[in-house]
Amino acid sequence: MNILSAIIVFENLHEVKRLFHWGPIIALTVIGVCSSMAILDSIIWYWPLDTTGGSINFIMLINWTVLILYNYFNAMFVGPGYIPLEWKPENQQDIMYLQFCRLCQGYKAPRSHHCRKCNRCVMKMDHHCPWINNCCGHLNHAYFTSFLLLAPLGCIHAALIFIMTMYTQLYDRISFGWSSVKIDMSAARHIHHPFMPFSIAAFAATLFALGLALGTTIAVGMLFFIQMKVILRNKTSVEAWIEEKAKDRIQYYQTGEDFIFPYDLGSRWENFKQVFTWSGTPIGDGNEWPVHEKCNQYTLTIEQLKQKHDKRQRSVEYRVVEDYNGACCPLGKGLNTFFRTPCTEEPRIKLTKGETIFATRGTKWWMYGDKVLNEEQANAGVRIRGWFPRRCVEKCHYDSANNSASEEKKQQ
């Protein structure tokens, strides 16, 4: 019993550690600044509590703050749900339709993906969000999306408070001349007399909070519309990318296949109800899902296996000709490499002259690929992949015998 209690305490402490990351620290700071400044501006200078409107406004501000924090912390601490380590499907024959995760030593269930940050296979993974320092997936997708809706609404309310506070406090302090505008911050208010004067410091703090509120409204509001776009199609951001690659693969090889996304139930309302429920618990156990009548549980995983095979076939072998230390924006690799670094959380990998790497995609100045490892590392399940400067590698040229050998390496 003591051991079990110790394990529970350790897990709780591990979850609390999520707060000590730049993402939650910035997010909670923005929420705290906007909420506290809106409440202070409202009750001191704009809409005092001794009025009915002021009391209602105060309750609404508190309500926004509570709802925002409730959904934020649920998105962070409830988590997306993880596939059990060493997981296998009940029917052993279904293994042939699934990818094997060497890090989790188990098979990836439909719609699950391995997160490098969480180091686990995540149920219905959408993305890893640095602002909650956790993945957005099956169990917390509704909380995360609700947070994305409530944060801009609360910030719009706060922004209106900031604007009206500055307007009412500065209205009779501003005098216009023919060639100048003067602001007298010591002038008294004619409407009511707050117990604290609206000083230059208060004006600067309100203006700063207004900038945070407007910036949050735009940025988070855009994320909300992106999330709702995929939710109404019962997709995740990862699955939307898989669907695009499926169309490209079919067009490239002219296979004539008709790919149908299996989890779109044909109705936006039905798709919406897969994520948002009155109980707060999404539909499904994270392993099996309702699918389109023309599809089965493994339609998408089979497509992923096809894309994985296609990626191996289309990858190009390169030899490293210049060392690279893995920096995000390397100063010694040219200005274009420095300024056009990929805007992604995917890792950069260190390169040593003479190493071999298989590149699968890239831009004009950067490439993404898998490093060829020795036999011991490969058997241990080690995989090193990420971005590196294009100038650090050159394409390998082989004769037919060597080329066939490189093809065998791709298949491994």
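**Cavity, pocket and helical spans in a predicted model**

The residues that line the largest cavity divide into two nonpolar, four polar and one charged. In this model, which is predicted rather than determined by experiment, the lining of that cavity is formed by Leu98, Gln99, Lys108, Ala109, Ser112, Thr301 and Gln304. The volume of the largest cavity comes to about 40 Å³, and the structure holds one cavity of 30 Å³ or more. Rolling a probe the size of a water molecule over the atoms shows where empty space is left.

A further space was found among the open pockets, where the second largest pocket has a volume of about 470 Å³. This pocket is lined by 27 residues, of which Val30, Ile31, Phe147, Thr216 and Val220 are the closest to its centre. The lining of the second largest pocket comprises 23 nonpolar residues and four polar ones, with no charged residue. At least two residues of this lining are supplied by each of helix 2 (22-46), helix 3 (52-77), helix 4 (141-170) and helix 5 (200-231), and helix 2 gives the most, with eight residues.

UniProt, in an unreviewed entry, places the feature "transmembrane region" at residues 25-47, 53-73, 147-167 and 200-226. Two of these annotated spans were examined for their secondary structure and their end-to-end separation.

Over the protein chain as a whole, the secondary structure comes to 11 helices and 13 strands. The chain has 412 residues, and 41% of them are buried. Among the contacts in the chain with a separation of 6 or more, 66% are accounted for by residues 24 or more positions apart. The accessible surface of the protein chain was computed as about 23,600 Å², and carbon and sulfur atoms contribute 61% of that surface.

Technical notes:
Residues numbered from 1 in each chain as written. Predicted model: local features only at pLDDT ≥ 70, side-chain atom pairs only at ≥ 80, totals over all residues. Heavy atoms only, no water. UniProt positions renumbered as here; feature names shortened; annotations may be inferred. 1 Å grid on protein atoms, 1.4 Å probe; cavity = no way out; pocket = protein on both sides within 12 Å on 5 of 7 lines; lining within 4 Å. Points joined across faces, edges and corners; volume = space filled by probe spheres on them. Helix = DSSP H or I, 4+ residues; strand = E, 2+ residues; numbered from the N terminus. Nonpolar A, V, L, I, M, F, W, Y, C, P; charged D, E, K, R; others polar. Buried < 20%, exposed > 50% of the residue type's maximum accessible area, 1.4 Å probe, protein only. Contact = heavy atoms within 4.5 Å. Areas by Shrake-Rupley, 256 points an atom, 1.4 Å probe, with all protein chains shown as cover.
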